Amino acid sequence: MNFAWLAQHVENDNSFIKKLTKYIRRSHLEVWQTSLHSSSKLSLYRTIKTAYSHEHYLNILNVRKYRHAYAQFRPGFHELDIEKGRYNYMPFTDRLCNICNLGQVGNERHFILICPVFDDIRKRYSAIDSINTPTVDTFYALPNRYDLVVKHLASYIFFIYYALQRRRKFLTL
């Protein structure tokens, strides 16, 4: 594209603008993909964000507090032990959940599917409670189930919101 700068002239403005727009989009997408795949922090986000596109949950969630909780949870902007340990340079295996005694890494999967402190909230939201065997694949598939998006995704997000609230209260005791 530097030919236009050097010449200070283009033959067809519309054609040039279309080419430039396409070039900028492609460059932006490449930078996004590179940063997504090179970050150790974005492991959950990388798994559930498979395309650079508008997210369906934004159309469904019209309650700001739920949308905010979910939007922060996806890229790892939360207070779970997996992230706290990252900031304290703890080895991954030492970032254990500090509110239950299962001795498991306090990551998103543990928080949503396993930690017994949130069993009652999990039962309240049947989409989470209906998962009989909490495998990694099941966990990562939850936010991408667009066929059941209204019921299941809303349930998933309500769980995240209320469980994060309880976790904060529990840690301040």
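This is a predicted model: local features need pLDDT of at least 70, side-chain atom pairs count only at pLDDT 80 or more; totals for chains, interfaces and linings use all residues.

I started with helix H5 (residues 64–73), where I find Tyr-66, Ala-69, Tyr-70 and Phe-73 buried; buried is under 20% relative accessible area, exposed over 50%, and partly exposed in between, with a 1.4 Å probe and protein chains only. These four are on the same side of H5 because they cover an arc of only 90 degrees around the axis, taken from the directions from the helix axis to the C-beta atoms.

Numbering runs from 1 along each chain as its sequence is written, and side-chain values use heavy atoms, with hydrogens and water left out.

Next, the whole chain. I get 11 helices and zero strands, where helices are DSSP runs of H or I of at least four residues and strands are E runs of at least two, numbered from the N terminus. Of the 173 residues, 36% count as buried. For contacts (heavy atoms within 4.5 Å), I looked at those with a separation of 6 or more: residues 24 or more positions apart account for 55% of them.

Last, Phe-170. Phe-170 lies in helix H11 (residues 149–172). Buried or exposed, or in between? Phe-170 counts as partly exposed, because its relative accessibility is 38%.
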